[in-house]
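This report describes local geometry, helix packing and contacts in one protein model. Please read it with the sequence and coordinates open alongside.

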Amino acid sequence: MIFFMDLQVMLLDVIYFILRNTLRIVLRPRTKPIDGELVLITGSGGGLGRIFAQEFAKHGADVVLWDTNSTTNQQTAKLVRERGGKAFTYTVDVTNREDVYRNAEQVRKDLGRDVTMLINNAGVVAGERILDCPDDLAEKTMKVNCHALFWTVKAFLPRMKAQNHGHIVTIASVLGLFSTACVEDYCASKFAAVGFHESLAHELLAEEVDGVKTTLVCPYIVDTGMFEGCKIRKEVELVLAPLQPQYCVEQAMNAILIDQPLVCIPRLTYLPFLSRALLPWESNVVTYRFMGSDKCMYPFIETKRRQTSNGVTVAA
């Protein structure tokens, strides 16, 4: 009898949340204030990380900037300060757990307060087919895009839980929800990032830590140079072009400020996510071929090789 009562309550809750989230598409929820929050952003030296720093500062938050490149990180801090924000820079290798833990403690000592929002943004891609990819590059992708999440969350989550206040944001990718050819390292790392984030979100809910929010951000290809050269069918690209970095960050910020658990950018990318689960494998394959997605990474690989030979490194 108890089972059937619980089942009935569960079904009613499912219907309620479907209706509530449908309504939220039309009537945007009120955004939460983040002025005074201390936001730590990894991979802040450029790309999306730099824009996130400026956007959070614009909303009144103080930002802690972690990047391996101290020069570009200082440039990000300068942009934040020129707009009246507060920025604190640290040179950190997020793949090194001792470095992460040491700098996390240093942030607490230097600023005298805890990080309340963690934006795991750092990301890399090898840009090689699996049989051509050096083992160390594949390992680096996994360390930056996946392993680092463990170290940063373990460094900052305990204080968030103790205060029942915080927000953990994972900048993943649509390639963590569905895959394509020739980026095995990146897809594996982003699928892992998605799995890590979702499991963490479930853990917080199971422990009834309702004050620590989570947001998983899965953008399509962003025009930061990280996937330069990637091309799908030109007719399809008219409706699914690479995202402008500013637009991507603004959409992610919209989701963060309303505590939205998951956002795919643009919304059109929810469709292949659903089709992957609902349609036969072969149906997805022919769809990929029609869109030109099956070989979209071929020109990207060639571009990446040229960048590498010229000593150019691009991260998220």
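## Cysteines and basis of the model

A disulfide is here a pair of cysteine sulfur atoms within 2.5 Å. With that cut-off, a search of the whole structure returns 0 disulfides. C264 is accordingly in no disulfide, and the nearest cysteine sulfur, belonging to C218, is 5.0 Å away. C264 has a relative accessibility of 3% and counts as buried, where buried means under 20% relative accessible area, exposed means over 50%, and partly exposed lies in between (1.4 Å probe, protein chains only). C296 is likewise in no disulfide, with the nearest cysteine sulfur, that of C230, at 3.9 Å, and C296 is buried at a relative accessible area of 5%.

The model is predicted, and local features need pLDDT of at least 70, side-chain atom pairs count only at pLDDT 80 or more, and totals for chains, interfaces and linings use all residues. Residues are numbered from 1 along each chain as its sequence is written, and side-chain values use heavy atoms, with hydrogens and water left out.

Two packed helices are described by the angle between their axes and the distance between the axes. Axes are lines fitted to C-alpha atoms, for helices over the stretch in contact, and angles run from 0 to 180 degrees between N-to-C directions; helices (H or I, at least four residues) and strands (E, at least two) are DSSP runs numbered from the N terminus. On this basis helix α2 (residues 47–58) packs with helix α3 (residues 70–82) at an angle of about 25°, the axes being 9 Å apart. The two helices α2 and α3 are therefore roughly parallel to each other, given that angles under 35 degrees count as roughly parallel, over 145 as roughly antiparallel, 65 to 115 as roughly perpendicular and the rest as oblique.

On the α2 side the contact (heavy atoms within 4.5 Å) is made by R50, A53, Q54 and A57, and on the α3 side by T72, Q75, T76, L79 and V80. By class, the residues of this contact between α2 and α3 comprise 4 nonpolar, 4 polar and 1 charged, with Ala, Val, Leu, Ile, Met, Phe, Trp, Tyr, Cys and Pro taken as nonpolar, Asp, Glu, Lys and Arg as charged, and the others, Gly among them, as polar.

## Packing of α2 with α8

Helix α2 also packs with helix α8 (residues 245–257), at an angle of about 50° and with the axes 10 Å apart. That angle makes α2 oblique to α8, and the crossing of α2 with α8 is right-handed.

From α2, the residues L48, I51, F52, E55 and F56 meet P245, Q246, C248, V249, A252, M253 and I256 of α8. The contact of α2 with α8 divides into 10 nonpolar, 1 polar and 1 charged residues.

I232 is located in the loop between β6 (212–219) and α7 (234–237), and it is buried at a relative accessible area of 11%. Although I232 and S293 are 61 residues apart along the chain, their C-alpha atoms are separated by 5.4 Å. When neighbours within four places in sequence are left aside, I232 is in contact with Y220, E237, L240, M291, G292, S293 and C296.

N120, in strand β4 (residues 117–120), is buried with 4% relative accessibility. Not counting residues up to four places away in sequence, N120 touches T42, L149, T152, V153, V169, T170 and I171. E184 lies in helix α6 (residues 184–206) and is partly exposed at 37% relative accessible area; leaving aside neighbours within four places in sequence, E184 is in contact with E128, R129 and I130.

## Backbone features

The peptide bond joining I265 and P266 is cis, with omega about -5°, and P266 is in the loop between β7 (262–265) and α9 (270–278).

N164 is a residue other than glycine with a positive phi, near 50°; it lies in the loop between α5 (135–163) and β5 (166–171) and is partly exposed, at a relative accessible area of 34%. D259, also not a glycine, has a positive phi of about 60°, is placed in the loop between α8 and β7, and counts as partly exposed at 26% relative accessibility.

Notes:
A crossing is left-handed if the near helix is turned anticlockwise from the far one by less than a right angle, and right-handed if clockwise.
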